[in-house]
Amino acid sequence: MKVNLTHGAIDLAQGKLLSLDAAGGWTLQVSHGSIWVTSPDMPGDHFIHGGQKIRLSGASRVVVEALRDCAIQLAPASATAKSPARRAAAPGTAFNACAA
């Protein structure tokens with residue numbers, strides 16, 4: 001499923017995946033639950049829990065897996081951002097949600 005967002009919240013059930021294309025510069029915040037985040041442009045894997053957030057980097061695909069039922073919010077980069085990674089994540093970016 002493709003989701004076009006300016007910003008928004010997404011509920012993910014445990015074990016479900018979210019694939020984010022060209023999400024560099026976006027901020028992903030977990031309202032509740034826990035997620036695992038990985039991308040070739042981000043060193044290591046990241047485990048984010050309720051109340052925490054992570055700034056996504058690079059232009060490659062970011063994969064998010066719900067470790068527990070969770071709600072996440074995506075916020076776009078600042079409109080005044082100058083870096084190429086931030087410009088790549090303009091509002092209206094298509095995000096693909098897929099089942100595990």
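Ser 34 sits in strand S5. Strands here are DSSP E runs of at least two residues, and helices are H or I runs of at least four, both numbered from the N terminus. The model is predicted: local features need pLDDT of at least 70, side-chain atom pairs count only at pLDDT 80 or more, and totals for chains, interfaces and linings use all residues. Residues are numbered from 1 along each chain as its sequence is written, and side-chain values use heavy atoms, without hydrogens and water.

**Chain overview**
- The chain holds ten strands and one helix.
- Its order along the sequence is β-β-β-β-β-β-β-β-β-α-β.
- Of its 100 residues, 38% are buried (under 20% relative accessible area, 1.4 Å probe, protein chains only).
- Among contacts (heavy atoms within 4.5 Å) with a separation of 6 or more, 76% link residues 24 or more positions apart.

**Strand pairing**
- S5 (residues 34-39) and S6 (residues 42-49) run antiparallel, joined by five bridges; pairing requires at least two DSSP bridges.
- A two-residue hairpin connects S5 to S6.
- Ser 34 has His 49 of S6 as its bridge partner.

**Surroundings of Ser 34**
- Ser 34 counts as buried because its relative accessibility is 3%.
- Its side chain makes a 3.0 Å polar contact with that of Arg 68 (N or O atoms within 3.5 Å, one able to donate a hydrogen and the other to accept it; residues adjacent in sequence count only if both atoms are side-chain atoms).
- Beyond neighbours within four places in sequence, Ser 34 contacts Ile 48, His 49, Glu 65, Ala 66, Leu 67, Arg 68, Asp 69 and Cys 70.

Methods: Buried < 20%, exposed > 50% of the residue type's maximum accessible area, 1.4 Å probe, protein only.
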